[in-house]
Each structure stands twice: as C-alpha cells, then as structure tokens.
Amino acid sequence: MSAFPHRHLLGIHDLSPFDIRAVLDLAEDYARLNQSHDKHADALRGLTQINLFFENSTRTQASFEIAGKRLGADVMNMSVGTSSVRKGETLIDTAATLNAMRPDLLVVRHHNSGAVALLSEKVNCAVLNAGDGRHEHPTQALLDALTIRRHKGRIQKLTIAICGDIANSRVARSNMLCLGKMENRVRVIAPPTLLPAGIDRFGVEVFTEMEEGLKDCDVVMMLRIQNERLEGQAVPSTREYFHRYGLTEDKLALARPDAIVMHPGPMNRGVEIDPAVADCERSVIREQVEMGVAVRMAAMDLLARNLRAERMA
C-alpha cells in the first residue's frame with residue numbers, strides 16, 4: 001500500500017493523520033537536502049510540471065517552481081493574465097488544452113472555491129491545490145505543521161491559536177482541519193465580524209478577545225488582513241484593529257514563554273503584527289518559507305510515485 005494513497009492533493013479534508021505524517025516525514029528529508037551543497041534529486045526526472053495561477057502569488061508560485069526544479073521536473077509557469085482565459089475561455093476549455101500537452105503535475109491556484117477539484121476531474125495528471133477561494137490551501141497547512149513539529153518536537157497535544165481574518169482565510173480552514181486531525185487544542189481569535197458561519201463545526205474554541213485566547217498557547221499563528229477589507233466593513237480602522245487584534249509583545253507575553261509566532265505571509269506590519277514581534281527570536285516566519293519548499297517537494301514526490309505506479313499497472 002502506498003504511503004500516500006491519493007491521486008491528487010486537493011485539501012486537508014481528504015487526508016488522514018497517517019497521510020499527514022507521511023508528507024511531513026518525507027519533507028524532513030527534503031529539508032535536509034535543501035540545506036546541503038547539492039540541493040537536487042531526481043524524483044520528478046522526466047516529468048512535466050505546470051504551475052497554473054489564476055491569482056497572483058509570487059511566494060507560493062516560486063516555492064512550487066523551486067520544488068519542482070530541485071526534483072528534476074521540467075517546470076512551466078502559465079501566466080493566466082495573458083492567456084486565452086482572459087479572452088473568454090472556460091476553466092473546462094483550459095483543462096482540455098492543458099491535458100493535450102500531457103503534463104504530469106498540475107499546480108493550480110484559483111479565486112473560486114472548488115475550481116481546482118473541478119479541474120482535477122478533467123485532466124489525466126496529478127493536481128495540487130495551491131489555494132482555491134476561501135476553501136483550502138493544503139500545502140500551507142502542511143508546511144505550518146512541519147515547522148511546528150521541528151520546534152516543538154511533536155505535532156499533537158499542543159494549544160494553538162489562529163488569529164485574525166478567519167472568515168476569509170483558506171489558510172485558517174486548512175490549518176483548523178490539519179491541526180485538529182493531529183489532536184491539538186485549536187483556538188481561533190477574531191472580531192465577531194471576521195468569524196465565519198458554522199465555525200463551531202470545526203471543533204475549535206472561539207474567542208473574540210486576544211487577551212483571553214492567547215493564554216498558555218504553544219503556538220500563535222497570525223493571519224494576513226487586507227487593508228481594503230477593513231474600510232467600514234469588518235472593523236472601524238486598521239489602527240483600531242491593531243490595538244485590539246494585532247500581536248504585540250505585551251499580548252505575546254500571555255502565551256507560554258516558549259511559544260512560537262507564525263504568519264503565512266505576506267505580512268502587514270503594524271496591522272496584524274508588530275514589527276518587533278515579527279522579527280523577534282520566537283518568530284519562525286522565515287522558516288515557514290523554507291519548509292514550504294520541502295513540503296511541496298514531498299507532496300509532488302508522493303503524487304509522482306502514485307502516478308508512475310498507475311501508468312505501469
């Protein structure tokens with residue numbers, strides 16, 4: 001039986017704790033490889049990877065591109081802004097066109113929830129979800145889990161606070177699913193206007209005040225807030241938001257002394273996080289970026305193994 005019995009990586013929802021550990025364990029190997037002099041392997045040699053991004057994301061796209069190249073894949077970045085999609089081509093048309101090119105791995109980011117899953121039904125290759133709407137961002141949750149495990153020595157029985165724009169965050173959704181499956185105590189902290197309907201279905205503890213929610217946490221994960229979302233909508237102003245929900249040194253002092261600080265990036269300094277906290281020794285934000293490459297290498301390696309086994313059957 002495969003260590004990761006999936007054709008695609010569409011979301012954390014589909015993964016078992018065993019699957020999650022399989023990705024993290026292999027990613028540990030790739031993290032070591034990435035710190036060595038020769039960073040290259042051949043797990044994807046002879047395979048073609050297409051990065052199809054309908055939303056801009058320099059960080060995630062670059063991470064997947066580096067991951068694919070270090071594993072020996074032929075990598076192509078498809079710029080949707082200048083493609084036929086802008087001329088009225090449907091997602092299904094795009095899928096058919098790409099399928100005719102016979103790619104092996106397709107990395108997709110899309111602004112609509114469920115679009116990546118739909119596309120995966122129309123192609124013959126392995127599909128990885130690089131973020132779809134407000135739905136999921138599975139590799140971000142996996143790289144966060146790997147970062148936590150490297151610092152805490154485990155990825156279970158921890159108290160983890162996810163703070164900020166929970167309602168609009170696919171990162172929050174994937175992390176709630178991933179960390180919950182690994183038997184952690186997960187808290188969400190947000191203004192009532194930034195909590196999604198049905199939050200109780202995720203099995204998390206809900207707080208609307210930072211001071212209460214951060215008490216005795218092992219991990220504090222801040223989420224990006226977009227300034228335009230705050231104009232007369234969710235909270236009165238960025239200044240008020242930072243006062244109540246921005247992570248400062250005083251608020252961080254309420255967590256455990258060895259608590260780590262995380263952020264999926266890019267950060268809005270002075271909005272959801274104080275610059276002094278973002279750059280403090282308890283911050284693991286830069287390590288999250290490093291682990292992102294390792295996790296994406298592991299995920300593509302595991303899917304490529306299944307793809308090759310399927311083609312040989």
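Arg 59 lies in helix α2, which spans residues 58-70. The model is predicted. In the UniProt record, an unreviewed entry, Arg 59 falls under the annotation "binding site". The annotation also covers Thr 60, Arg 109, His 137, Gln 140, Gly 265 and Pro 266. From this set, the lining of the largest pocket takes in Arg 59, Thr 60, Arg 109, His 137, Gln 140, Gly 265 and Pro 266.

Two of these annotated residues, Gly 265 and Pro 266, are joined by a cis peptide bond. Its omega is about -10°. Pro 266 is placed in the loop between β9 (260-262) and α10 (275-278).

Gln 140, also annotated in the record, belongs to the α5 side of a helix contact with α6. Helix α5 covers residues 138-152, and helix α6 covers residues 170-181. Their axes come within 8 Å. The crossing angle is roughly 55°. The two helices are therefore oblique to each other. The crossing is right-handed. On α5, the contact involves Pro 138, Gln 140, Ala 141, Asp 144, Ala 145 and Ile 148. On α6, the partners are Val 171, Ser 174, Asn 175, Cys 178 and Leu 179. By class, the residues of this contact are 7 nonpolar, 3 polar and 1 charged.

Helix α5 also packs against helix α1, residues 17-34, with axes that come within 10 Å. Here the crossing angle is roughly 70°, which makes α1 roughly perpendicular to α5. This crossing, too, is right-handed. From α1, the contact draws on Ile 20, Val 23, Leu 24, Asp 25, Ala 27, Glu 28 and Ala 31. From α5, it draws on Leu 142, Ala 145, Leu 146, Arg 149 and Arg 150. The residues of the α1 contact with α5 divide into 8 nonpolar and 4 charged, with no polar residue. Ala 145 meets residues of α1 and also takes part in the contact with α6.

Backbone geometry was also examined in the loops. Glu 183 is not a glycine, yet its phi is positive, at about 65°. Glu 183 sits in the loop between α6 and β6 (185-189). Asp 216, likewise not a glycine, has a positive phi of about 65°. The loop that holds Asp 216 runs between α7 (210-213) and β8 (219-222).

Notes
Residues are numbered from 1 along each chain as its sequence is written. This is a predicted model: local features need pLDDT of at least 70, side-chain atom pairs count only at pLDDT 80 or more; totals for chains, interfaces and linings use all residues. Side-chain values use heavy atoms; hydrogens and water are left out. Axes are lines fitted to C-alpha atoms, for helices over the stretch in contact, and angles run from 0 to 180 degrees between N-to-C directions. Helices (H or I, at least four residues) and strands (E, at least two) are DSSP runs, numbered from the N terminus. Angles under 35 degrees count as roughly parallel, over 145 as roughly antiparallel, 65 to 115 as roughly perpendicular and the rest as oblique. A crossing is left-handed if the near helix is turned anticlockwise from the far one by less than a right angle, and right-handed if clockwise. Contact means heavy atoms within 4.5 Å. Ala, Val, Leu, Ile, Met, Phe, Trp, Tyr, Cys and Pro count as nonpolar, Asp, Glu, Lys and Arg as charged, and the others, Gly among them, as polar. UniProt positions are given in the numbering used here, feature names are shortened, and annotations may be inferred rather than shown by experiment. On a 1 Å grid over the protein atoms alone, a cavity is a set of points where a 1.4 Å probe fits but cannot get out, and a pocket is an open set with protein on both sides within 12 Å along at least five of seven lines; lining residues have an atom within 4 Å of a point.
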